[in-house]
Amino acid sequence: MSRIGKLPIEIPSGVTVSIKDHVVTVKGPKGELTQKIDPSIEIKEEDGHLHFTPLNDEKQTNAYHGTYRALVNNMVVGVSEGYKATLELIGVGFRATNQGQLLELSIGYSHPVFLMLPDEVKVETKMERNKAPLVMLESADKQLLGQVCAKIRSLRKPEPYKGKGIKFEGEVIRRKSGKTAAAAK
């Protein structure tokens with residue numbers, strides 16, 4: 001049995017959970033999310049907590065046990081508190097602007113890069129003098145937010161020599177010494 005799967009999920013006030021035909025729907029102040037659950041996992045709601053129980057001892061069912069519990073927990077946290085991610089654009093002349101859901105990035109190519117973000121993700125850009133431009137993303141759906149962040153980061157990954165590129169705020173990039181340092185040995 002999964003250690004994560006055994007833990008109950010506490011349902012905060014203002015959040016409603018409905019379970020029907022192996023589909024869990026979570027509604028809260030930040031939105032509504034749904035997740036289909038495998039029939040080999042049983043979900044019970046008891047006095048403000050959700051409990052997950054595997055119906056058999058198969059290896060795949062045990063894997064589903066912790067996975068679905070984590071997915072539903074992410075949904076509950078998402079609709080009650082939400083998730084945030086901040087990306088930094090490191091490089092000379094790198095800029096970021098947005099008009100609604102359209103994100104425009106100038107990241108060292110001969111042309112600006114335009115990205116249309118999903119409506120579930122709120123985007124905000126911030127540019128201050130002598131600081132790296134920031135792209136701040138917010139969503140109730142953790143999976144969608146991670147996917148959007150990965151897409152933006154893949155446009156210009158941080159390189160190890162100068163550190164130029166798009167990185168998460170607080171992310172440490174492992175730097176390499178250039179060939180001049182190697183020749184000085």
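Visitor: What phi does Gly-100 take in the hairpin of β8 and β9, and how many residues lie between the strands?
Guide: The hairpin has two residues between its strands, and Gly-100 takes a positive phi near 65°. This is a predicted model, in which local features need pLDDT of at least 70 and side-chain atom pairs count only at pLDDT 80 or more, while totals for chains, interfaces and linings use all residues. Residues are numbered from 1 along each chain as its sequence is written, and side-chain values use heavy atoms, leaving out hydrogens and water.

Visitor: Why is Leu-102 called partly exposed?
Guide: Relative accessible area under 20% means buried, over 50% exposed, and anything in between partly exposed, with a 1.4 Å probe and protein chains only. Leu-102 has 27% relative accessibility and therefore counts as partly exposed. Contact requires heavy atoms within 4.5 Å, and Leu-102 touches Thr-97, Phe-114, Leu-115 and Met-116, not counting residues up to four places away in sequence.

Visitor: What sets the phi of Asp-47 and of Asp-21 apart?
Guide: Most residues other than glycine have a negative phi. Asp-47, although not a glycine, has a positive phi of about 35°, and Asp-21 has a positive phi near 50°. Asp-47 is found in the loop between β5 and β6, whereas Asp-21 is in the loop between β2 (16–20) and β3 (23–28). Asp-47 counts as exposed because its relative accessibility is 71%, and Asp-21 counts as exposed at 63%.

Visitor: How do you know that Ser-40 is in polar contact with Asp-38?
Guide: A polar contact is a pair of N or O atoms within 3.5 Å; within protein, one must be able to donate a hydrogen and the other to accept it, and residues adjacent in sequence count only if both atoms are side-chain atoms. The side chains of Ser-40 and Asp-38 make such a contact at 2.5 Å. Ser-40 lies in the loop between β4 (31–36) and β5 (41–46), and it counts as buried at 12% relative accessibility. Leaving aside residues up to four places away in sequence, its contacts include Thr-61 and Tyr-64.

Visitor: Why is the pair of Tyr-64 and Tyr-68 called tilted?
Guide: Rings of Phe, Tyr and Trp (its six-membered ring) pair if their centres lie within 6.5 Å, with planes under 30 degrees apart counted as stacked, over 60 as edge-to-face and the rest as tilted. A search of the whole structure finds one aromatic pair. The ring centres of Tyr-64 and Tyr-68 are 5.5 Å apart and their planes are at 45°, so this pair is tilted. Being four residues apart in helix α2 (residues 59–80), the two are separated by about one helical turn. Tyr-64, at 26% relative accessibility, counts as partly exposed, whereas Tyr-68, at 13%, counts as buried.

Visitor: What makes a nonpolar core, and which residues have the most contacts inside the largest one?
Guide: A nonpolar core is a set of buried Ala, Val, Leu, Ile, Met, Phe, Trp, Tyr and Cys residues joined through side-chain atoms within 4.5 Å. The largest has 23 residues, and those with the most contacts inside it are Leu-105, Val-135, Leu-137 and Ile-152. At least two residues each come from β7 (83–90), β9 (102–106), β10 (113–116), β12 (134–139) and α3 (142–154), and α3 gives the most, with five. A second, separate core of 18 residues includes Ile-11, Leu-33, Ile-41 and Val-76.

Definitions and conventions. Pairing = 2+ DSSP bridges.
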